[in-house]
Amino acid sequence: MNRFLTENGFDFSKVNYYIEPLTKEKLKELLGKMKLTPRDLLRTSEPIYKELNLRTGEFSDDEIVDLMIKHPDLIQRPIVERGKRAVLGRPTENVKELLWTWNFVLRALYLVFGFGSLAFEGSPEDLRPKTKNQVQSTK
């Protein structure tokens, strides 16, 4: 993911959540931006998933989030966040759609109407001019 973002000219900050653990609030925010449930974000192939017997439906969303904070191996990654949206970084097409859709539209507007700025952060509901493309990637 680092290579992809760098080669495509996106400035980003990388968060290694083993070194800087996600807070419960941040994980819930990311889930909301991705429109996923905590169970959707679980890495089911991890040994800790099996040890905790997470396959059963006996855990509430809140309990799963708590377990993800305690055991970061349970979180699928990478997660790429930009403005009011976030996506899982696999497949890479998810990230391409997140990063390029609005840049493409804005570039088309620039070419047709001569608008002065090409790089924006956010979504249609939240267009804020930026000097560079800025994204945030976790692990």
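Here is a short walk through the structure, from the whole chain down to a few side chains. Keep in mind that this is a predicted model.

**Stop one: the whole chain.** Show everything as a cartoon and colour by secondary structure. You'll find five helices and six strands. Follow the chain along its sequence and the pattern reads α-β-α-α-α-β-β-α-β-β-β.

The chain exposes about 8,200 Å², with carbon and sulfur atoms supplying 53% of that. Of the 139 residues in the chain, 37% are buried. Take the contacts with a separation of 6 or more: residues 24 or more positions apart account for 60% of them.

**Stop two: Ile 48.** Select residues 47–51, which make up helix α3, and pick out Ile 48 there. Is Ile 48 buried or exposed? Its relative accessibility is 16%, so Ile 48 counts as buried, because the cut-off for buried is under 20%.

**Stop three: the tyrosines.** Next, select Tyr 17 and Tyr 18 and show their side chains. The structure holds one aromatic pair, and these two form it, in a tilted arrangement with 5.6 Å centre to centre and 35° between the planes.

Finally, bring back the surface around them. Tyr 17 is buried, with a relative accessible area of 1%, whereas Tyr 18 counts as partly exposed at 37%.

Definitions and conventions. Residues are numbered from 1 along each chain as its sequence is written. This is a predicted model: local features need pLDDT of at least 70, side-chain atom pairs count only at pLDDT 80 or more; totals for chains, interfaces and linings use all residues. Side-chain values use heavy atoms; hydrogens and water are left out. Helices (H or I, at least four residues) and strands (E, at least two) are DSSP runs, numbered from the N terminus. Buried means under 20% relative accessible area, exposed over 50%, partly exposed in between (1.4 Å probe, protein chains only). Contact means heavy atoms within 4.5 Å. Accessible areas come from the Shrake-Rupley method with a 1.4 Å probe; for residues, only the protein chains shown count as cover. Rings of Phe, Tyr and Trp (its six-membered ring) pair if their centres lie within 6.5 Å; planes under 30 degrees apart count as stacked, over 60 as edge-to-face and the rest as tilted.
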